[in-house]
Amino acid sequence: MTNPRILVVAHNHPAFHPGGTEIVAHDLFQAYKRAGWDALFLAATNQVHREARPGTSFQAVGDAADEIVLWAGHFDRFALSQIDLHGVVPDLVALLEEFRPDVVEIHHLLLVGAEFPALVRRVLPNARIVFMLHDYYPICANEGLMIRTRDHSRCLEASPDRCHACFPEMSAANFRLREINIKSHLAAVDTFISPSHFLKDRYVDWGIPADRIAVIENGHPVEDPVPHRGPPHVTRNVFGYFGNLNPWKGVNVLLDACRELAAGDVDFELRMHGAALFQSDGFTADLEAKFADVRDNVRRLGQYSRSDVPDLMSAVDWVIVPSVWWENAPLTIGEARFHGRPIIASGIGGMAELVDDERNGIHALPGDAHDLARVMRRCAEDPALWRRLAAATTRPPSTDQVAAQHVAAFGIRPARVGALVAA
């Protein structure tokens with residue numbers, strides 16, 4: 001009997017865009033291979049990372065024979081639609097017909113297009129189509145943030161009128177057509193998988209039946225966790241931020257909280273890992289000014305790779321996730337949990353599910369620098385609090401365990417799932 005085949009599709013490749021969605025998709029791809037599946041990773045990208053190559057939609061990713069790039073530079077971000085159907089679709093059809101996967105696991109519609117699930121269903125009527133939910137792009141035209149454009153308040157639902165209020169240049173009818181189009185293509189999906197109940201609830205409210213969405217937590221690769229900094233009695237006043245520097249990650253709020261702590265003579269250090277890539281001049285200028293105010297307490301450590309995380313994590317006591325949008329399942333939280341670091345997180349969205357307030361971390365009010373400063377002061381000045389929360393921190397499941405749960409959700413016959421079993 002041949003091994004089962006799976007095509008894993010993401011909207012970019014972690015080799016040149018190491019975002020959370022790309023990393024999760026690639027981790028699962030590798031887990032399926034370890035378990036005996038024939039797997040192929042398809043990463044859609046555009047001119048930001050790759051130039052078009054005449055004659056084909058596909059490009060290589062290094063020397064990997066089972067990882068390819070789909071160049072999809074002609075894309076309608078509003079409709080999540082692939083514009084160049086005549087150029088891209090024939091190549092996708094040829095790929096599907098040649099590889100003939102038993103399962104197609106889609107991790108995003110960006111660049112590959114909302115039409116892709118229906119295309120798979122047409123070419124491979126017996127394949128299982130799985131859609132891994134990572135954010136709110138199908139629901140929200142504001143970069144999937146579910147943030148109102150006028151006042152930056154968080155939004156819990158989408159409707160043509162509400163969305164038109166965010167984008168007055170687009171009619172309510174256009175938003176209704178966008179919703180109908182995306183939902184019509186998602187009807188081809190057999191199973192949706194969400195890493196959080198909060199994200200699932202948003203899609204149920206949008207119209208996806210609850211019984212079609214399985215909730216499966218994201219995993220973490222197996223590696224050696226790093227020890228804590230210094231002996232147990234050491235002051236636990238070193239905080240770490242990991243991730244992109246953008247407005248929705250709450251970095252301005254975090255720096256304002258640090259300024260308040262510094263003014264109050266609190267002994268602390270914030271180690272800030274990440275860069276402000278593709279951000280506006282106004283945001284970066286504001287960020288520079290805030291950094292200047294707290295330069296004695298904040299160390300800017302810049303961009304980092306995933307392989308750097310253990311060493312960087314070893315130097316911090318707490319990990320801060322101050323996002324002001326409905327984060328689903330930030331990789332930073334999984335990394336902090338794996339390495340036993342208590343987490344300070346905004347108490348909203350999927351963050352509130354992963355960080356249990358006063359058990360393995362502390363919640364702060366989103367967007368409230370004064371409350372975040374209050375929480376950080378408490379954490380820096382109470383070593384007993386750190387010991388209690390660190391002792392209660394549990395590791396996320398391994399990527400292989402999560403892959404096994406995905407296979408169970410695929411709903412294919414046991415004889416076709418090869419050696420993949422829950423560890």
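**Close-up views of a predicted model**

View 1. The model is predicted. L80 sits in the loop that links β5 (75-76) and β6 (81-82). Its phi is near 55°, a positive value in a residue other than glycine. Most residues other than glycine have a negative phi.

**View 2. R100, a partly exposed loop residue with positive phi.** R100 is not a glycine, yet its phi is positive, at about 50°. The residue belongs to the loop between α2 and β7 (103-106). Relative accessibility is 45% for R100, so this residue counts as partly exposed. That class lies between the limits of 20% for buried and 50% for exposed.

**View 3. The six-stranded open sheet.** Six strands form an open sheet with parallel pairing. Their order is β13-β12-β11-β14-β15-β16. The edges are β13 (298-302) and β16 (361-364). Each edge strand has a single partner, so one side of each is left without a neighbour in the sheet. From one strand to the next, the twist averages 20°.

**View 4. The pairing of β12 with β13.** Strand β12 covers residues 269-273 and pairs with β13 in the parallel sense. Four bridges join the two strands. Across this pair, R271 stands opposite R299 in β13.

**View 5. Helix α10 on the sheet.** Helix α10, residues 331-338, packs on the sheet. The helix touches three strands: β11 (238-242), β14 (318-321) and β15 (343-346). The direction of α10 makes about 165° with that of β14.

**View 6. The largest nonpolar core.** This core has 71 residues. L7 and F116 have the most contacts inside it. Helix α2 (residues 85-99) supplies the largest share, six residues. Which residues does F116 contact, leaving aside its neighbours within four places in sequence? They are L7, V9, L92, V104 and I106.

**View 7. A separate nonpolar core.** Another core lies apart from the largest one.

Technical notes:
Residues are numbered from 1 along each chain as its sequence is written. This is a predicted model: local features need pLDDT of at least 70, side-chain atom pairs count only at pLDDT 80 or more; totals for chains, interfaces and linings use all residues. Side-chain values use heavy atoms; hydrogens and water are left out. Two strands pair if DSSP finds at least two bridges between them. Axes are lines fitted to C-alpha atoms, for helices over the stretch in contact, and angles run from 0 to 180 degrees between N-to-C directions. Contact means heavy atoms within 4.5 Å. A nonpolar core is a set of buried Ala, Val, Leu, Ile, Met, Phe, Trp, Tyr and Cys residues joined through side-chain atoms within 4.5 Å. Buried means under 20% relative accessible area, exposed over 50%, partly exposed in between (1.4 Å probe, protein chains only).
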